[in-house]
Amino acid sequence: MLMEPVIKTAFPFVVTAVAVLIAFQMVLMIVAYTVLAERKVLGWIQGRIGPNRVGPWGVLQPFADLLKFIFKEDLVPDKSTKFIYFLAPMVALVCALMPMVVYPFGPAITSVDWSFLPYGLGEGIRTLPLTIAQIDVGVLFVLGITSVGVYGIALAGWSSNSKYSLMGGLRSSAQMISYELALGASVIGVVMLAGTLDLGGIIYAQQTSTFRWFIIPQFVGFIVFLIAAFAETNRVPFDLPEAETELVAGFHTEYSALKFALFFMAEYVNMFTVSVMCTVLFLGGWYVPGLSHIFEPGTIPYALVSHFAFIGKICAFLFFYIWVRGTLPRFRFDQLMNFGWKFLLPVALANVIVTTVVVFFLNR
Amino acid sequence: MASTALFFLFAGFAIMCAISMVYHKNPLYSAISLVGVFISLSCIYVMLAAPFIAAVQILIYAGAIMVLVVFVIMLLNLDDQGTKNRLRYLWALGGGLGVVLLVQTLFIFYAVMKAPQQASDQSVSVGKTLSIGQSMYTVYLLPVEIVGVLLLMAIIGAVILARRLSQPQLELVVDQELDRRNETELENEYRVEL
C-alpha cells in the first residue's frame with residue numbers, strides 16, 4: 001500500500017488539527033454566549049429584560065451581532081498609520097486565543113482501546129489527553145502570550161491618530177504592565193506548592209495535597225490573582241482604558257465593523273483565559289473531589305463529568321465578572337495605580353515569602 | 001526534516017525582522033520588528049528543547065521590556081530627522097563592527113563543521129525548569145547573586161532619578177547641584193539626556 005506511510009506520517013498532525021478545531025469552536029461559543037449572558041445578567045441587575053428579540057430568550061443574539069459586525073461599513077481614519085492600524089486587532093485576538101493550546105480541558109482517557117483504527121494507527125497510543133499540547137512551562141506560556149496582547153491595545157491607540165485612542169492605549173498599557181507583576185507574583189505561591197509549571201501537573205498536585213484545592217492554603221494569592229485579573233482584562237472596576245465618560249471608547253474609538261469585533265472578542269476571550277487560569281491554579285481544574293469513587297479514573301464518563309465540572313467552574317467565574325460589572329463603580333486612574341503598586345504588589349510578594357518559608361519547613 | 005524547515009522559517013523571519021528594524025525610519029516600526037525578532041528567537045528556543053528559556057524570552061523581552069520601549073516612543077513622538085543626521089558619522093564604525101561580526105560568524109561556522117560529530121544524549125533534560133533552577137542555586141550561585149545585586153542597584157538608581165524629577169524639594173546630592181547651577185540650564189540638559 002503506497003498511501004500507508006503518508007497516512008501514518010500525517011495522522012498526528014490531523015489529530016492535533018482536529019483537537020485545535022474542537023477547542024477553538026468550544027472557546028468561541030462559550031465566549032459568544034458570555035456576551036449574551038452579560039447583557040442578560042446586566043439587564044436583570046438593572047431591572048430590565050435584556051435582549052429577547054432574536055430567537056427564543058435571545059439565544060441567537062450573538063450570531064445576529066456577528067452578522068451586523070460583518071455588514072457594517074468599515075471606516076478607516078484618514079491619518080492613521082495603516083499597517084499598524086490593521087495589525088493591532090489581529091495581535092489582540094491572536095494573543096488572546098493562543099493560550100488555548102495548553103488548557104487542561106479534562107483528565108486523560110486511558111480505557112479506550114485504539115487498535116480498531118485502520119493501518120495500525122492506534123498502535124502505541126495508550127492515552128488520549130484532553131489537552132492540545134502539554135508543555136513543561138504552561139503557566140509561563142500563558143502569562144507570556146497574554147502579556148504580548150498589550151501590543152494590540154497600545155498600537156491600536158497609537159495608530160488611530162486620535163487623542164482619545166492614544167490616551168486609552170497609554171492608560172491600558174500602563175495598567176496592564178503594573179498589574180502583570182502582581183498577577184505573576186500571586187501565581188508563584190501555587191507553583192511552589194505544586195512544584196511544577198505545567199498546568200496539568202498543578203491539577204495533579206492539588207489532588208494529592210492536604211486541602212484538595214489550592215484556594216485554601218493560597219487564599220491571599222487567590223484574591224490578588226482575582227483582582228489583578230480584572231485589571232488585566234480591562235474590566236469594571238478597572239476599565240479605565242475605555243472609560244466612556246472621559247475617553248469615548250478608549251483605544252478602539254476609531255475602530256469599526258469587524259475590526260472592532262476582533263477587539264471585543266479578544267476582551268471576552270481574555271476573560272475566559274483568566275477564568276481558566278483561576279480554575280486551574282486555585283480550584284483544582286477539572287478535579288471533582290470524590291468522583292474517583294463513582295467512576296474509574298481514565299474512563300470516558302469520568303473524563304466527561306470532570307470536563308463539565310471544569311467548564312462549570314469557568315462559567316461561575318465568568319458570572320462573577322458580570323456580577324461585579326453590574327455592581328461596582330469605576331476607579332480613578334491614580335487610585336488604580338496606587339492600589340496596584342502600593343497594596344497589591346506588596347501583598348503578593350509577602351504571600352510569596354510566607355509560602356516559601358512554610359514550604360521550606362514542611363519539606364524538611 | 002520538519003524541524004529543519006521550521007528552523008529556516010523562524011530564522012528567516014528573525015533575519016527579516018532584524019533588517020526591517022535597522023532600516024525603518026519610524027522608531028515604532030523598528031520596535032515592533034524587534035518584537036518579531038524576539039518571538040522568532042523564542043520559537044527557535046522551543047525547537048532546541050529549551051521551553052523555559054523560550055517562555056521567559058517572550059515574558060521578559062517581548063512582554064515587558066519592549067512594551068516599555070513602545071510606551072516611551074508613543075509618549076515622546078520622536079522626530080526621525082535628527083536620528084538620520086547623527087547616524088552619518090557612525091557609518092565607518094558600524095561597517096567595521098559588521099565585518100568583525102561576519103568574521104566571527106564564519107569562524108563559528110568553520111569550527112562547528114570541523115568539530116567531530118556525535119549524537120546528543122536525548123535523556124539529558126538541560127532545558128527543563130527543574131534542572132535550570134537546580135544549577136542556578138548550586139553551581140552558578142555566585143553569578144546569580146551578582147546579577148541580583150546589579151538589578152537591585154538599577155532599581156535604586158531608577159528610584160533616585162524619578163524622585164529627582166517629581167520631588168525636587170527633597171535634599172539629595174543632585175538637588176544641591178541643581179541649586180548651584182542655573183536651574184533652566186540644567187533642565188535643558190536633562191531634556192537632551194532623555
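This is a predicted model: local features need pLDDT of at least 70, side-chain atom pairs count only at pLDDT 80 or more; totals for chains, interfaces and linings use all residues.
Q: How many helices and how many strands does chain A have?
A: Chain A has 13 helices and 0 strands. Read along the sequence, its pattern is α-α-α-α-α-α-α-α-α-α-α-α-α. The radius of gyration of chain A is 22 Å, close to the 21 Å that the globule rule gives for 364 residues, so chain A is as compact as a globular protein of that length. Along the principal axes, its C-alpha atoms fill a box of roughly 60 × 60 × 40 Å.

Q: What share of the residues of chain A count as buried?
A: A residue is buried if 20 or more other C-beta atoms lie within 10 Å of its own. By that count, 43% of the 364 residues of chain A are buried.

Q: Which residues have the most contacts inside the largest nonpolar core?
A: They are Ala92(A) and Ala228(A), in a core of 116 residues. Helix α10 (residues 257-282) of chain A provides the largest share of this core, 15 residues.

Q: Which residues is Ala228(A) in contact with, leaving aside its neighbours within four places in sequence?
A: Ala228(A) is in contact with Tyr179(A), Ala182(A), Leu183(A), Ser186(A) and Leu344(A).

Q: Where does Trp114(A) lie?
A: Trp114(A) is found in the loop between α3 (82-97) and α4 (138-148) of chain A. The C-alpha atom of Trp114(A) is separated by 6.8 Å from that of Ile125(A), and the two residues are 11 residues apart along the chain.

Q: Why is Trp114(A) counted as partly exposed?
A: A residue with 20 or more other C-beta atoms within 10 Å is buried, one with 12 or fewer is exposed, and one in between is partly exposed. Trp114(A) has 13 other C-beta atoms within 10 Å, so Trp114(A) is partly exposed.

Q: How many residues of chain A are in contact with chain B?
A: The size of an interface is often given as the accessible area lost when the parts come together. Here a count of residues is given instead: 18 residues of chain A are in contact with 17 residues of chain B. On the side of chain A that touches chain B, α4, α5 (150-159) and α6 (163-194) each supply at least two residues. The most come from α4(A), with 7 residues.

Q: How do the residues of that side of chain A divide into nonpolar, polar and charged?
A: The side of chain A that touches chain B has 14 nonpolar residues, 3 polar and 1 charged.

Methods. Residues are numbered from 1 along each chain as its sequence is written. Chains are lettered from A and ligands numbered from 1 in the order in which they are written. Helices (H or I, at least four residues) and strands (E, at least two) are DSSP runs, numbered from the N terminus. The radius of gyration is taken over C-alpha atoms; the globule rule is 2.2 Å times the number of residues to the power 0.38. A nonpolar core is a set of buried Ala, Val, Leu, Ile, Met, Phe, Trp, Tyr and Cys residues joined through C-beta atoms within 7 Å. Two residues are in contact if their C-beta atoms, placed from the backbone, lie within 7 Å. Ala, Val, Leu, Ile, Met, Phe, Trp, Tyr, Cys and Pro count as nonpolar, Asp, Glu, Lys and Arg as charged, and the others, Gly among them, as polar.
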